[in-house]
Amino acid sequence: MKKVQLFIVGAGNRGFAYAEYARMHPEQAVITGVAEPRDYYRNKMAAEHNIPPEHVFKDWREAVDKEKFADAVIIATQDTQHTDPAVTFSEKGYHMLLEKPMSTRPEECRKITSTVLKNNTIFAVCHVLRYTNYTQRLKEIIASGAIGRIVSMQHLEPVGYWHHAHSFVRGNWRKENEASFMLLAKSCHDIDWIQYIMDSRCTAVSSFGSLMHFRQENKPAKAADRCTECGCEPECPYSAKKIYLSRAQEGNFEWPLDTITSDLTVAGIEKAIETGPYGRCVYACDNDVVDHQVVDMRFENETTVTFTMTAFTEMCDRRTRIFGTKGELYGDGKSIEYYDFLTNQRHKENVSALDGDISSGHGGGDYNLMKNFVTAVAQNDRSRILSGPTETLESHTLIFAAEKARIENCVVSIPCLDVPDLL
């Protein structure tokens, strides 16, 4: 198989995760360029992958006028910064792996879709849940008829109490106008996965949710604005000292610690929570995204789905119950159990992820996504792409409709996607 050359645009957590595949499989892929405005992360990526200096950029725009030096670009910038590089590099003939969400605006999602379809480039969005061994096995069980025809589904996304505090109260995704609304930023994985499993078009949606807990009025009377100065800190489950410093003292400097500072020492973590945004009291931040939300969906084949996203859980795997005409299925990302109405028997099997550092991400989805994308580019085999432009546009359209339903307190009908209109 041809070795695929990859250009990383955005050397953050996700950019490094996808680049790791080239380190694991140097015979399949090589990182030939990086664009990243932050010096530390740009230089780190360049050093780890021996990227030539002429292909190391502070801004991706510096690469536009250069002769094409990679087969594909991986765009892992912040959510609001996807559209311009996606459109530009598609026009230059680069195949593309685009971090989710496709964009934070419906019209920009359509623009990206239209561009990649017109340029006929291989294009995938990082809906990694589609690519897990668990998802593929679950699809096989449903296709086998083991539970009959799907009637309805309940799907839970347990964000995790400290994960929500890290990313959506203190972190980069805390404000809609700086990132996007919660359903798009966090749950587009899940809405896309639901659409993939249901294998039908969603025709109508309603939704309810709010920012209920992480608000100024819920701040304890004697609490300080920073955890390092707060007498209430020992009793607070959202304490920055508990979330970050305790991990550092145990010698664990992986995510989320590597996102709050580049000084991965105990002293560096202490300084970050003393002076940086990740040491703020969760009740004294400038966050505005919801901390809980439910979405009800009706599909074209008369099936229904209820989806729940909540911050207030342990950090654990997503959980799904699927109700069929011949049986009931339960899955948690690692195991699948289904009950047969005819035989009154219960069947259970464990589904393992692959080995390796990257394969731990999203239950092996990160690894399988990269494997499929690299193979698709090397062999010009689009069948390896499970999350292409039209599938993603359809699930994103559902998400924008759900948020409209939440804000306007109504049921929103979803029109059929007209692909010819995009060309």
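**Exercise 1. Find what keeps cysteine 232 from bonding to the closest cysteine sulfur.**

Step 1. The closest cysteine sulfur to that of cysteine 232 is in cysteine 230, 4.3 Å away. Step 2. A disulfide is a pair of cysteine sulfur atoms within 2.5 Å. Step 3. The sulfur of cysteine 232 is therefore too far for a bond. Step 4. Cysteine 232 has a relative accessible area of 22%, so this residue is partly exposed (buried is under 20%, exposed over 50%, partly exposed in between; 1.4 Å probe, protein chains only).

This is a predicted model: local features need pLDDT of at least 70, side-chain atom pairs count only at pLDDT 80 or more, and totals for chains, interfaces and linings use all residues. Residues are numbered from 1 along each chain as its sequence is written, and side-chain values use heavy atoms, without hydrogens and water.

**Exercise 2. Describe how helix α6 packs on helix α9.**

Step 1. Helix α6 spans residues 161-169 and helix α9 residues 240-249 (helices are DSSP runs of H or I, at least four residues, numbered from the N terminus). Step 2. Their axes lie 11 Å apart, at an angle of about 100°. Step 3. Angles of 65 to 115 degrees count as roughly perpendicular, so α6 and α9 are roughly perpendicular to each other. Step 4. Tyr161, Trp162, Ala165 and His166 of α6 meet Lys242, Ile243, Tyr244 and Arg247 of α9 (contact means heavy atoms within 4.5 Å).

Technical notes. Axes are lines fitted to C-alpha atoms, for helices over the stretch in contact, and angles run from 0 to 180 degrees between N-to-C directions. Helices (H or I, at least four residues) and strands (E, at least two) are DSSP runs, numbered from the N terminus. Angles under 35 degrees count as roughly parallel, over 145 as roughly antiparallel, 65 to 115 as roughly perpendicular and the rest as oblique.
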